Amino acid sequence: MTAVRVWAPEAEQVLLECAGTRTPMARQDGGWWRLESAALAHGVDYAFHVNGNGPFPDPRSAWQPDGVHGPSRWVDHQTFEWSDQGWRAPPLAAAVVVEIHVGTFTPAGTFQAVIDRLDHLAELGVTHLELMPVQEFPGDRGWGYDGVDLFAPHHAYGGPDGLKRLVDACHRRGLAVLLDVVYNHLGPDGNYLAQFGPYFTDAYSTPWGEAVNLDRVHSDEVRRFFIDNALMWLRDYHFDGLRIDAVHAIIDTSAVHLLEALCDEVRGLESRTGRPLVLIAESDLNDPRLIRPVEIGGYGLDAQWNEDFHHALHALLTGESNGYYADFGRLEQLAKVLTRGFAYDGVYSRYRRRTHGRPATGVPGRRFVGCLQNHDQVGNRATGERSSHLLSPALLKVGAALVLTSPFVPMLFQGEEWGASSPFLYFTDHQDRGLAEAVRSGRREEFAAFGWDPESIPDPQAADSFHRSRLDWDERKRDPHAGILDWHRSLIRLRRSHPAFADDRLDRLRVTVDEDRRCIALLRSGMVTACNLGKAPQTLALPPDVAHLALRLCSAPGIQLRGTTLQLPGECAAILA
C-alpha cells in the first residue's frame, strides 16, 4: 500500500485518479487529504480531482513525463542505486564554479549528454557545477525560471533518474553539484497550485504576477512546501547546494524569514547526513544580512552573487553605461568591491536615484560569488551577446585574470572558458498561443524602449533562438579559442594550488588603481595581479615588498619585470608569484 497525501485546506472533496478509477480521499488535520492505495507504486501515473475539477497533477509531483499538463508519475527514490557513498563536497572557499544550461550545454541537451562532457570540466579544474533550473516547465525548451512542478526534473532532460545519474557521475569525478531553484514565483502555464490552496496572495505583487503566500492565512504549509522542496533536492538527489533565484523578490514579513527558516533546516540535514551543504542567494539589495550568521541577526546563507563585482568589471571592460551600468565605469569602484564587498554600501546610486546598500564590514570573500558572465547578464541582452562578442581576446584574458585571482568564489558561464562564439538567447516553448504572443511582444517592446529595432529582436518562441544558443564544442581547438582556454586552465591551476588564495579577508587585499592609465593591481601576500585595461603600453611601479616575486603567468608577449618595475603592453594581465 502506498500512502498518498495532498494539501487542499479549503476543498470539499478530493479524489485520487489512478489505474482508471477515482477514489475519495479522507480529510485530515491541517487541511491535508490522505489515501492508502494498492494501485499506486513506482512508475504508476496518477492525478487529483478537487471539488469536481481536474484532473490536476500533484503539487509535489516528482515526475511529469508528459509535461506540465499531464498526469504525475509516482517515484520511489529508494529504487535508485547511488555510487557516491562517502562523497563530501570541497568547501565553497576553494571552489571554482561553472554555471550551465542543460538544454544548450550540448547538442543533445540532456542530463546524459552533460555526463559525456564532465571530463572537460574536471580537466579545466572546476570544482562545482551549477545547473540552471531543471524543474518541470512548459514545453521542451526554456530557461527554467517559469517552472511549475518544482519537485519534478524536466522530462525533456531525462527525468528523475537522468538527473540522479548526472549528480552521481559528477561526484565520481570529484565535482560538486549546485541547483538553481526559484522560490519567488511560479510560471503561469501549467500552474495548478491555486486549485489546491492559497499558495499565492494578492497582498503583494512581483514582476511576474501574484506573490507566493509566505506570511498570510494558511502560509505555514506554503512555507513548508518550499522548504521541503529544497530538502528533497539535497537529500533525494544528493545535490551539494542550492542557488536561490532573486531573493529580493521573496516577500515575507514573518518574524522568521523563509530564508532563515530554510537555512536552519538545511543545517539540520547537513548534521544528519554528514555532508556539507551550501545555500547561495541571488540578490540586488547589497544587504550583507543574507550572509551573516543568524547569531548576529543574519539569515545564515553561505554566499551570494556579487552583482557589483560583475557590473563594475563589465562596465570597465566594455565601456557600456546604459541601464545599471550607469552607476559604474571607474577603476576605484572595482577596487572598492574587491576590498569592501560592495561598491554601493549606503551611498547614492544615480541609476536608482536613491541611496543603496549597506556596508559588508568583516564579510570574507568566500561569501561572494564573482563573475564576468552569467545567464542573466548574457541572456537578458537583446541579442544574447557574450563577453566574447563585446571584447577582444586580450581583454577577455584580462577579465578572466581579475575573476580568477579575486578574493571571491569565481564562477564561469558555460563556454566562457574558451570564449564561446554562440550567443545565449532568451528562449521559450509555451504551448499556450496567447502566452507565447505575450512573451514575444513583451520582449520586443522592452528592447524597443532602448532604441532597438523590434524586428531585430530574436523571437523567444522560435526554435532557432534555442538552437543558436547551443555551444560549439569543436571551436575549442581553434584560435583564438584554444589560447583563451589555455589561459583559463592556467589561472584555475594557479588558484587551486597557490597558498595566497587561502586568505580571503578583504581587508588584507591591497588594490592600487590608475584611472588615467587604466591600470589596476591586486596585491596580496605572495602574489600580484597586474592588469592594463587600456590599449597603450604602461609601466607600473610595484611596492618594494613584492620585489622577490617573479612573473608566473602572462597573457601576452612583451611583459617585463625589472626589480619592482613592471612593463605591460596594452590590454594584458600578468600574475607575479
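How many bridges join β21 to strand β22, and in which sense do they run, parallel or antiparallel? Select residues 409-413, which form β22, together with β21: 3 bridges join the two strands, and they run parallel. Strands here are DSSP E runs of at least two residues, and helices are H or I runs of at least four, numbered from the N terminus; two strands pair if DSSP finds at least two bridges between them.

Before going on, note that residues are numbered from 1 along each chain as its sequence is written. This is a predicted model, in which local features need pLDDT of at least 70 and side-chain atom pairs count only at pLDDT 80 or more, while totals for chains, interfaces and linings use all residues, and side-chain values use heavy atoms, with hydrogens and water left out.

Stay with β21, residues 368-371, where Phe368 and Gly370 point one way and Val369 and Cys371 the other, all of them buried (under 20% relative accessible area, with a 1.4 Å probe and protein chains only). Val369 stands opposite Val409 in β22, whereas Phe368 in β21 faces Gln304. Strand β18, residues 303-305, pairs with β21 in the parallel sense over 2 bridges.

Next, select helices α7 (residues 307-318) and α11 (residues 393-404), whose axes come within 11 Å and cross at roughly 155°; axes are lines fitted to C-alpha atoms, for helices over the stretch in contact, and angles run from 0 to 180 degrees between N-to-C directions. That makes α7 roughly antiparallel to α11, a term for angles over 145 degrees. Show the side chains, and Phe309, Leu313 and Leu317 in α7 meet Leu395, Val398, Gly399, Leu402 and Val403 in α11, contact meaning heavy atoms within 4.5 Å.

Now move to the open sheet of 5 strands, ordered β23-β24-β25-β30-β27 with antiparallel pairing. Its edge strands, each pairing on one side only, are β23 (510-514) and β27 (551-554). Helix α8 (residues 331-340) packs on the sheet, touching β23 and β24 (519-524), and its direction makes about 175° with that of β23. At the β27 side, 3 bridges join β27 to β30 (residues 572-576), and the bridge partner of Cys554 is Ala574 in β30.

Finally, select Ile520, which touches residues including Leu331, Leu334, Leu338, Leu402 and Val513. Ile520 is among the residues with the most contacts inside the largest nonpolar core, which has 137 residues; such a core is a set of buried Ala, Val, Leu, Ile, Met, Phe, Trp, Tyr and Cys residues joined through side-chain atoms within 4.5 Å. A second, separate core of 15 residues includes Ala521, Leu542, Val546 and Cys572.

Key. Buried < 20%, exposed > 50% of the residue type's maximum accessible area, 1.4 Å probe, protein only. Parallel < 35°, antiparallel > 145°, perpendicular 65-115°, else oblique. Lists of a residue's contacts leave out its neighbours within four places in sequence.
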